[in-house]
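Thanks for coming. Please look at the structure first.

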Amino acid sequence: MVATGTRLKAGLVITAALVLAGCSGGGLTPIGGTTTSAKPAAPAAKLTGAPINGTKDVTVNMPVTLTADGGTIKDVALVDGTGKPVAGKPGADGKTWSSTGQLDFGQTYTYDAKALNADGKATDLHGSFSTVPPGTLVRGMLNIDDGGEVGVAAPIVLQFSGHIDEKARAAVEKALSVQSDPPNTGSWGWLPDSDQGSRIHYRTKDYWTPGSKVNVIANLYGVPYGGTAYGKANLTLAFTIGRSQIVRADVNTHKMTVLRDGKVVATYDASMGSGASQDRVTRSGTHVVTEKWQDKDMSNPPYYEHAHERWAVRISNNGEFIHANPNTVGDQGNSNVTHGCINLSTADAQAYFGTAMYGDPVEVTGSDVALSSADGDLYDWAMGWDQWQALSALH
């Protein structure tokens with residue numbers, strides 16, 4: 001019995017030794033033979049801001065942007081010197097953030113934000129910058145009433161209250177957008193400064209498509225105009241192109257024809273510029289209706305002063321009108337005796353007056369003097385399309 005017990009005890013000792021041998025190395029080997037290890041830490045996210053910390057004289061039309069590399073942006077705060085927040089929004093992927101609110105001139109701004117890496121560990125960013133002082137703020141004005149209706153040759157005129165440096169004009173044009181439904185091909189063109197300041201016109205290649213819906217956006221706030229001048233405010237405009245009404249006046253046949261939507265709706269006997277001198281010629285070329293008055297006091301020294309005329313429709317700024325003149329009724333339809341205007345009978349002038357709107361084209365043919373830049377502000381259609389495009393700072 002004793003010998004048998006001794007052998008069993010020895011067998012237990014051998015089994016324990018085998019177990020201990022299998023535990024060498026400090027751990028168990030899992031089924032399948034692979035070993036486990038700790039997951040490495042994710043690299044820290046990098047967060048950058050623009051303008052960078054300490055930047056001075058930042059233009060106010062420049063958005064503040066934050067960008068995360070290897071993480072997502074959280075907890076953004078952008079405030080001015082008084083603590084007033086500036087609105088902004090993150091990008092779709094969460095890796096960028098851009099300000100959408102307006103920055104003010106002559107302010108100091110501070111931004112704070114975090115970028116979280118894949119482990120949720122935060123990288124903080126703090127920065128500040130200052131914007132340019134206000135200098136001279138130049139206002140822009142558009143010539144068409146918001147919600148208005150205009151003719152098919154209507155130019156869009158953007159008149160500035162001060163001078164725009166030639167080196168700044170490309171930046172101004174990039175801030176301008178004209179969209180229409182249906183689409184119409186057009187281009188901006190810089191014309192010589194007026195008494196008020198610089199001006200830029202938008203003209204289509206061909207007449208506008210009747211019924212077009214047009215939207216103009218001018219993001220001019222803070223755009224540098226040269227020196228210490230900047231854009232004062234953004235502008236928007238929405239208007240509609242009306243019916244197509246084209247007037248054709250032939251100096252040689254002494255007739256004025258009105259076409260509406262491609263069909264002749266009226267033909268009037270007319271008398272036009274006599275041509276006795278260069279300032280008594282009705283200019284050939286495409287004029288544009290700009291204004292109209294039921295009663296108009298007209299002067300054209302040395303020929304006449306303070307003549308009372310009725311049913312007057314201005315077609316250029318050089319003194320050309322379509323208006324009633326009872327004194328030339330005997331000449332209308334057979335000879336030209338005016339000082340450059342298109343004379344109609346009172347009844348015909350009144351009938352036409354009621355149909356005229358800003359932007360209607362008036363195409364004059366047959367005279368030996370062409371409409372040009374010497375004839376006032378709206379000579380846009382006196383130029384060919386290539387010539388017009390060359391007036392763009394982006395052409």
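I call a residue buried at under 20% relative accessible area, exposed at over 50%, and partly exposed in between, with a 1.4 Å probe and protein chains only. This is a predicted model, where local features need pLDDT of at least 70, side-chain atom pairs count only at pLDDT 80 or more, and totals for chains, interfaces and linings use all residues. Residues are numbered from 1 along each chain as its sequence is written, and side-chain values use heavy atoms, with hydrogens and water left out.

Aromatic pairs, then. Rings of Phe, Tyr and Trp (its six-membered ring) pair if their centres lie within 6.5 Å; planes under 30 degrees apart are stacked, over 60 edge-to-face, and the rest tilted. That rule gives 12 aromatic pairs. One of them, F105 with Y221, is edge-to-face, at 5.6 Å centre to centre and 70 degrees between the planes. F105 sits in the loop between β6 (96-99) and β7 (108-116), and Y221 in the loop between β16 (213-218) and β17 (224-226), 116 residues apart. Strands here are DSSP runs of E, at least two residues, numbered from the N terminus. F105 and Y221 are both buried.

Why is the pair of F105 and Y230 classed as tilted? The ring centres are 5.7 Å apart and the planes stand at 55 degrees, so it falls in that class. Y230 belongs to strand β18 (residues 229-231) and F105 to the loop between β6 and β7, so this pair ties together parts 125 residues apart in sequence. Y230 counts as buried because its relative accessibility is 11%; for F105 the value is 15%. Elsewhere, ring pairs link W188, Y202, W208 and F239 into a cluster.

Next, the largest pocket. On a 1 Å grid over the protein atoms alone, a pocket is an open set of points where a 1.4 Å probe fits, with protein on both sides within 12 Å along at least five of seven lines; lining residues have an atom within 4 Å of a point. The lining has 18 residues, with N143, V157, N317, D377 and L378 nearest the centre. Elements giving two or more of them are β10 (140-142), β12 (156-160) and β15 (199-204).

Last, the sheet. Two strands pair if DSSP finds at least two bridges between them. An open sheet of four strands runs β11-β19-β16-β13, with mixed pairing. Its edge strands, β11 (149-150) and β13 (176-181), each pair on one side only. β11 and β19 (residues 235-241) run parallel, joined by two bridges, and E149 stands opposite T240 in β19.
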